[in-house]
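The exercises below are meant to be worked with the sequence and the 3D structure side by side. Try each task before reading its solution.

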Amino acid sequence: MDPHVSTTPFYGARFHRDPGVVYRQLRRDHGPVAPVQLEGGVPAWCVLGYRELHYVVGNPELFGRDPRRWNRWHIVPENWSLRAYVEPRPSALLADVEEHRTRGAVVRDALDTVDSFELSAAVERICDTLIDRFAGRGFADLVVEYTHQIPLLAMAKIYGLADDEAPMLTHDVALSGQEGEEAVRAHERTVARMLRLVRERRARPTGDLVSHLVKHPIGLTEDEIAADLFITLGKAHLTTSDWMGNALRLMLTEPRFAVDLAGGRSSVGHALNEVLWEDTPIQNHVGRWATQDIQLGGKPIREGDLLVLGLAAANADPQVRPHGHEGATGNHAHLSFSHGEYGCPYPAQEIARTITTTGIEVLLDRLPDTNLGVHPEDLTWRPSVLMRGLTSLPVTFSPH
């Protein structure tokens, strides 16, 4: 019997409204590994258990990253919205472990060239410029006008892109993480822009991150660099934007969290770590592919099966967090950045943390009396199986 027949949809209004309910139902009905149906009726296994997920990401020889081994390619719709994240292409993140170790080190080296002090100063200027645009009117949409803008403007500087290119990139990078055919088109436009940028830097290198990749002695091709730039940009933008937005939502709706955020830099850091446990921006990661038949969490995984890494579900696993949110402060054992060979590299985590921390600190300093402008239940979430972020966050404050 096909274990994916009549399985839980991992998409749609119910999922997007409260994915935590879906994760709990799957855990109750199936245990730590559950059969799910992705958008378009595409079957996969979702790894919900903390220990099981840790095992998967820690054993790349059993659960590889190369999507060419997928045994269900023949049923994937041509306009599948998740195709951008699984289609074989020359990216270090979609290579199996040996190639990834070599090429992934190149990306890590490039990210490590970003000066955190210069980045923090640049982000402060970005935040002040954005706040200046709405501070005088007493209301704003913090997602559309603030958190959604900051990471991409910061990454545009890291990439050496002109500021006037940011609006279209913001639109396309965000759209590429949603569902539907337009997400596919947005992905294609963004990759094409990355390819043009690589060719520009090959002709006229500067001191930015892209030039570092172009000049690296390993000799990456233009297509390889463009693919890595797209994935890095997408992850940095949406992850950081949603991390910031989810933290601000909690600040505006939960008094305990508001007190934590208002307590200074140390408290902001603790609060942001708690967000990664409670409302992580990266909910699910697609994916891993079994390199052989194997049992996982009591389920028969077949060679070539797709596994979705349920990062948010694993963070909430009652086997490792029996008392809910208690103990989250100062505990960095969450899986929000994944783990192992393909986990988010440390320099990328630090870039995201610098952008997020600075964005919240500047906002709290400039607009300390910010209040939610709608009822919490009226907030809406972006339709994505991968990410968890608001479409808008209306607020009010004293005009400045």
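A residue is called buried when its relative accessible area is under 20%, exposed when it is over 50%, and partly exposed in between, with a 1.4 Å probe and protein chains only. This is a predicted model, in which local features need pLDDT of at least 70 and side-chain atom pairs count only at pLDDT 80 or more, while totals for chains, interfaces and linings use all residues. Residues are numbered from 1 along each chain as its sequence is written, and side-chain values use heavy atoms, with hydrogens and water left out.

**Exercise 1. Determine whether Asp242 is buried or exposed, and find which side chain meets that of Asp242 in a salt bridge.**

Step 1: the relative accessible area of Asp242 is 3%, so Asp242 is buried.
Step 2: a salt bridge requires a side-chain nitrogen of Lys or Arg within 4 Å of a carboxyl oxygen of Asp or Glu, and the side chain of Asp242 forms one with that of Arg382, at 2.5 Å from N to O.
Step 3: Asp242 belongs to helix α12 (residues 222–253) and Arg382 to the loop between β10 (371–372) and β11 (394–396), so this pair ties together parts that are 140 residues apart in sequence. Helices (H or I, at least four residues) and strands (E, at least two) are DSSP runs numbered from the N terminus.
Step 4: Arg382 has 7% relative accessibility and therefore also counts as buried.

**Exercise 2. Describe the salt bridge between Asp279 and Arg249, and state how many salt bridges the structure holds.**

Step 1: the two side chains, Asp279 and Arg249, meet at 2.8 Å, N to O.
Step 2: this pair links distant parts of the chain, with Asp279 in the loop between α14 (265–278) and β6 (285–290) and Arg249 in helix α12, 30 residues apart.
Step 3: Asp279 counts as buried because its relative accessibility is 8%, and Arg249 counts as buried because its value is 16%.

**Exercise 3. Work out which residue in β9 stands opposite Cys46, and give the order of the strands in the open sheet.**

Step 1: two strands pair if DSSP finds at least two bridges between them, and strand β3 (residues 42–47) pairs with strand β9 (residues 306–309) in the parallel sense over three bridges.
Step 2: the residue opposite Cys46 is Val308 in β9, and Cys46 is buried, with a relative accessible area of 0%.
Step 3: the open sheet has six strands in the order β1-β2-β3-β9-β6-β4, with mixed pairing. Its edge strands, each pairing on one side only, are β1 (8–9) and β4 (63–64).
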